[in-house]
Amino acid sequence: MSLLKLRTLSSVLHVGHQSFPKYSNLLQNECISPISSTFDSRHLFHSFSISKNDNLLDRTTTSSNIIKRNITTGEKEPFLLASMRFFMESPLVQPVENFIIQFHDSVGLHWWSSIVVMTIGARFLVTSPLYVYQQYIFAKVELIEQLMPPIVEKLKKIANSNVARLGGNAKRAQAYYQRQVGAEWNKLIIKHNCHPFKGSIVLLVQIPLWLYISAALRNIMAAYPADDPAVLTAATEMTLGGPFWCSNLLLPDPTFILPISLALVNLAITEIQVLRRWTGKEPLMKKIGVNAFRLIAILTGPIAAQMPAALAVYWVSSSSFGLVQHLALLSPKVRRFCRVPYVPSEKERPYRHLVEQFNVRWATMKSNWSSQSL
């Protein structure tokens, strides 16, 4: 380990001695090798959260003993523990982990600021183009839907004539009609190259990206791999790398600012999606689905409250970027700039429309509550 890193690690450990009491002894010997025998981070997967009085080395030893006991006694390793260990040790996680550390070292910011900047950059460079492409596909599908009514009317006439030709067999005529409608729809989809499944590509990339960055941050906080001095340095620097209200990123946010912010941002994204197409007469299944998404958005807050603040910073940054991205793509000017075609459902003043929809919906809810109280 270089002298500069030893000095940096020494100063951080001196201040954060309460969180890492055993690191001081390791540093006095200027040797990291004992960690490999006592700090087996590969098995540190039975919990994400780190309590204030918890010790990383003791936690690892306990978890390692659980694994060893299962092996020696023939007990089967718990599925959740095995799954988390397999994912954390994935060969794709460590390159992300190394990138996060190198990015932090290159920008020279506090750890929380580095996480925010890295998140914005990753979302802007990776997921934003895919989100624009998703909107492009959805717009073309909506335009195709506008072409279908004349075709459907034509096929209905053919189906009615087939009823008489088939001797009054309406079921066969209806089946023929449905097959033809599906065939015409598929022809238009192929012609315009806009299969709706292409719109899901953003989720197929965004979800793994979110998981791998979360896993990489979690490995850094657990100092895994333990024989990497850069990872150990990063883990100890995180004890002082948080914002002013939560300086230790290895502990949950004591003020709950990050968890509450995460829940509010995710709930805002859900509500904007609902207000865009709210008519006041939604079917029951749609209401159930919307309420399920609202519940998930709210539950992200309590989950983040149990996690180290570093993960909460990343999650809030990612969700906030998603909210801004979603609002930006509502603007007709931004959509034309991104070459998203015009669709009839597009609003000339989308933000005013959202406010009006919210006011109407709030008035409707108040009237419903008043009628129920009477």
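Reply: In helix H10, the buried residues are Ala230, Val231, Leu232, Thr233, Ala234, Ala235, Thr236 and Glu237. Buried means under 20% relative accessible area, exposed over 50%, and partly exposed in between (1.4 Å probe, protein chains only). Helices (H or I, at least four residues) and strands (E, at least two) are DSSP runs, numbered from the N terminus. The model is predicted: local features need pLDDT of at least 70 and side-chain atom pairs count only at pLDDT 80 or more, while totals for chains, interfaces and linings use all residues. Residues are numbered from 1 along each chain as its sequence is written, and side-chain values use heavy atoms, with hydrogens and water left out.

Me: How many of the residues of helix H10 are buried?

Reply: Eight of the nine residues in H10 (residues 229-237) are buried, so the helix is mostly covered.

Me: How many salt bridges does the whole structure hold?

Reply: Side chains of opposite charge can pair when their charged atoms come close. A salt bridge is a side-chain nitrogen of Lys or Arg within 4 Å of a carboxyl oxygen of Asp or Glu. A search of the whole structure finds five. One of them joins Glu271 to Arg294, at 2.6 Å from N to O. Because Glu271 lies in helix H11 (residues 257-276) and Arg294 in helix H12 (residues 284-305), this pair ties together parts that are 23 residues apart in sequence.

Me: With which other residue does Glu271 form a salt bridge?

Reply: Glu271 also pairs with Arg361, the closest N and O atoms being 2.8 Å apart. This links distant parts of the chain, since Arg361 is in helix H15 (residues 350-373), 90 residues from Glu271 in helix H11.

Me: Which residue meets Glu346 in a salt bridge?

Reply: The side chain of Glu346 meets that of Arg336, at 2.8 Å from N to O. Glu346 lies in the loop between helix H14 (332-337) and H15, and Arg336 in helix H14, so the pair ties together parts that are 10 residues apart in sequence.

Me: Are Glu346 and Arg336 buried or partly exposed?

Reply: Glu346 is buried, with a relative accessible area of 13%, whereas Arg336 is partly exposed, at 35%.
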